[in-house]
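Have the sequence and the structure open as you read.

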Amino acid sequence: MSVPRFDLDLTADQRAVREAVRDVCDGFDHEYWRDHARRGEYPHEFVDELAADGWLGALIPEAYGGKGLGTEETVVMMEEIAASGAGFGGAQTVHGGIYNSAPLVEYASESQREELLPKIASGDLSIQAFGLTEPGAGSDSPSMETFAERDGDEYVVTGEKFWISRVDVSDYMLLVARTTPKSEVDKRTRGMSTFLVDLEDAAAQDRLHMDPIEKSASTFVNSYHLTFDGLRVPAENLVGDEGEGFYQVLDGLNEERLVIAAELIGMGELALGKGADYAAEREVFGQAVGANQGIQHPLAAAHAEVQAARHLTDEAATRSAAGDLSREALGARANAAKYLAAEAAFAAADAAVQAHGGKGIAVEYDVERYFREARLSRLVPIAQQLALNYLGERELGLPRSY
Ligand SMILES: Cc1cc2nc3c(=O)[nH]c(=O)nc-3n(C[C@H](O)[C@H](O)[C@H](O)COP(=O)(O)OP(=O)(O)OC[C@H]3O[C@@H](n4cnc5c(N)ncnc54)[C@H](O)[C@@H]3O)c2cc1C
């Protein structure tokens, strides 16, 4: 069953997005996602169909062939994808491509925009990979060491990136690298720059080495340990101003966190639907296991938590579109929404696994995948502690831990 949602006052545009995305998702059932997860395969057919309908250009303005949508509609779209059976892992197969277009819309030169955005919007060009994290710089990304040194009309990139996902299904990667060493900048968040790395060219140069990381969640996509060994990137591939890359990454982060919250909410709903179905059906000691409060209450509590996170997320997305919140106020809501949605999705998946008894870890019942993905969501794209740091410091006025 699908879990009832507490009513939201959706706009006509949001309803239209929901219907259209649902139509695409209807073509991909639970078995499709299960098979791809089991084999660790990227869901090309699903992504191609979304791309063909222009959804990878959700955030690209209509003037460049995109849908010109905002956070308000994107939260609905991504909740729907996750709830359809894709889960958080399925949503992540397209999330990167949708969100990589945001800094291009905002900071790319007019010629870069004209060249790239229409192709992304039509699905002819894929920029699904985003390279920020390094072996020694995860939560603390300004400590990155990958360096892009200017040499005439090119930059020469040397260093390592870690966990970089979907490089194998991208034409370009959006890379953040230092262009001034941390020791030479007045503020540690300065001196980083964003580049478009042409992956076909990188393969031809043989100066970008990709080692896949074996992992137990998010198995639809490959994630890599990348080594840049003097890769030459044309200077014209710099996005925006040199040294301002970190601020470009921060810009739009609140909106992205809300969309990730929506994906987790969708997966929470999915897990609860499966958990409640099974709990109503499975009889033990002559009655449905769902009649026992030890099974029923965790499902019911998670339902309350998922719907609460959903309302916070929707309200913040609406206010973000209205533009009536300060960046700090939106940041507090976005971090609270991501935190609560990840906890709610974890509670929902955990309750669904428990309701299934031993079958909770059998692949054919799907809930074990949602559980692994919900666990992952407490670590990425920022760990829960970092979301709490924001609230503790900015909302409660407590000291910084770093
Ligand atoms: C499946 C997967 C896909 C990913 N895809 C990408 C990608 O495509 N591109 C990319 O750039 N990155 C990607 N990442 C990286 C991801 O963004 C990082 O893993 C994440 O930011 C956490 O960094 P870390 O793993 O280095 O943890 P660390 O920074 O080493 O932190 C370890 C633990 O310490 C805690 N901690 C650290 N500092 C504090 C503090 N001050 N207060 C309280 N707690 C603290 C953290 O919360 C965490 O629990 C991916 C990661 C995974 C697992």
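Which residue in strand 5 is the bridge partner of Met173? The partner is Val197.

Before going on, some ground rules. This is a predicted model, where local features need pLDDT of at least 70, side-chain atom pairs count only at pLDDT 80 or more, and totals for chains, interfaces and linings use all residues. Residue numbers start from 1 along each chain, following the sequence as written.

**Around strand 5**

Helices (H or I, at least four residues) and strands (E, at least two) are DSSP runs, numbered from the N terminus. Two strands pair if DSSP finds at least two bridges between them. Strand 4 (residues 172-178) is joined to strand 5 by 7 bridges, and the two run antiparallel. Strand 5 is also joined to strand 8 (residues 238-239), by 2 bridges and again antiparallel; here Phe195 sits opposite Leu238. Of the 7 residues in strand 5 (residues 192-198), 6 are buried. Buried means 20 or more other C-beta atoms within 10 Å of the residue's own, exposed means 12 or fewer, and partly exposed is in between, with C-beta atoms placed from the backbone.

**The core**

Phe195 turns up again in the largest nonpolar core, which has 116 residues; Phe195, Ala341, Ala345, Ala348, Ala349 and Ala352 have the most contacts inside it. Helix 10 (residues 327-355) gives the most to this core, with 18 residues. A nonpolar core here is a set of buried Ala, Val, Leu, Ile, Met, Phe, Trp, Tyr and Cys residues joined through C-beta atoms within 7 Å. Leaving out residues up to four places away in sequence, Ala352 touches Ala271, Leu272, Lys274, Gly275, Val367 and Tyr370. Contact means that the C-beta atoms, placed from the backbone, lie within 7 Å.

**Domains and ligand**

The domain assignment (bounds come from an automatic or database assignment) gives domain 1 (12-122), domain 2 (129-244) and domain 3 (248-395). The centres of domain 1 and domain 3, taken over C-alpha atoms, are 21 Å apart. Their contact takes 25 residues from domain 1 and 28 residues from domain 3. On the domain 1 side, helix 4 gives the most, with 20 residues.

Where does the ligand lie? Domain 2 and domain 3 both give residues to its shell, so the ligand lies between them. That shell has 23 residues, the closest being Leu132, Gly138, Ser139, Ala383 and Gln385. Strand 1 (129-131), strand 3 (154-165) and helix 12 (384-395) each give two or more residues to the shell.

Most residues other than glycine have a negative phi, and most peptide bonds are trans. A few places here go the other way.

| Site | Backbone value |
|---|---|
| Trp163 | phi of about 75° |
| Asp366 | phi near 70° |
| Val380 and Pro381, cis peptide bond | omega about -10° |

Trp163 lies in strand 3 and counts as partly exposed because it has 18 C-beta neighbours inside 10 Å. Asp366 is in the loop between helix 10 and helix 11, and it counts as buried, with 22 C-beta neighbours inside 10 Å. Pro381 is found in the loop between helix 11 (367-377) and helix 12.

Terms used:
A residue is near a molecule or strand if its C-beta atom, placed from the backbone, lies within 6 Å of it. Two residues are in contact if their C-beta atoms, placed from the backbone, lie within 7 Å.
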